[in-house]
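Trainee: Can you walk me through this structure? I'm new here.

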Amino acid sequence: MKILKAKDYDGMSRIAANIISAQVILKDNCVLGLATGSSPVGVYQRLIELCANGELDFSRVVTVNLDEYRGLPVTNEQSYRYFMNDNLFNHINIKPENTNVPNGTAPDPAAECARYENLIHALGGIDLQLLGIGNNGHIGFNEPSDAFDCDTHCVDLTESTIEANKRFFSNADEVPRQAYTMGMKAIMQARRIVMVVSGAAKAEIVKAAVCGPITPRVPASILQLHKDVTLVGDEAALSLL
Ligand code: GLP
């Protein structure tokens, strides 16, 4: 694992955006795996700037997002589709039909999981996967559990994730209890992984994921087995490494 330390959130965002930018320049029709949460917002802002300056062209790029809340329609501001449109897709020259997020309102969850899994496979997998990390070590919405889940699945969110994510909703009761998430297979088969981490609150879990045992109780620890992971963090998040 490569570890790149930036001074602050802005520095972290610039480094991660530069890596993604290099990927898009080297392969203009690449498949980018994208993430939500507050950690990648600065990365997306930088990518928007690069695109506006004419330095980056997303016209042939395809994206697949990690996850989506079950039950939220795309019009809900807390849905991850809304987040992606608002924070990135609406501001770059990507074709809307080339952006993929699990459908939170799909009537048949099993069918939606199979559709998403087949889609990733049909695209030939992911060239570069951007990740954040949850307070409990989750990646996407792969929550701590007894075993790593391979394929796209519908997951019951843990109390700690509901607690952490309630800040985006008017109260904890509004947070959906389930979500669709890409499984570990598609993430681990991504040819390159970039994880962004920021803030002192993430320092303990980052240490557990990078230096602790590989266990489904800390889902991000599986990244220790991937051959091309770059962890980009600010000083606070990397302070315990
Ligand atoms: C959500 C997302 C994750 C993300 C995590 C951390 O739960 N499903 O993909 O990594 O939040 O978010 P933040 O970056 O806001 O700490």
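Mentor: We'll take the ligand, then a pair of helices. This is a predicted model, where local features need pLDDT of at least 70, side-chain atom pairs count only at pLDDT 80 or more, and totals for chains, interfaces and linings use all residues. Residues are numbered from 1 along each chain as its sequence is written, and side-chain values use heavy atoms, leaving out hydrogens and water.

Trainee: How many residues surround the ligand?

Mentor: 14 do, each with a heavy atom within 4 Å of the ligand. Among the closest are Asp67 and Arg167.

Trainee: What lies 2.6 Å from a ligand oxygen atom?

Mentor: An N or O atom in the side chain of lysine 202. For histidine 138, the distance from such a side-chain atom to a ligand oxygen is 2.9 Å.

Trainee: New topic. At what angle do the axes of α2 and α3 cross?

Mentor: Roughly 40°, and the axes of α2 (residues 41-52) and α3 (residues 80-87) come within 10 Å. Axes are lines fitted to C-alpha atoms over the stretch in contact, with angles from 0 to 180 degrees between N-to-C directions. Helices are DSSP runs (H or I, at least four residues), numbered from the N terminus.

How values were computed
Helices (H or I, at least four residues) and strands (E, at least two) are DSSP runs, numbered from the N terminus. A polar contact is a pair of N or O atoms within 3.5 Å; within protein, one must be able to donate a hydrogen and the other to accept it, and residues adjacent in sequence count only if both atoms are side-chain atoms.
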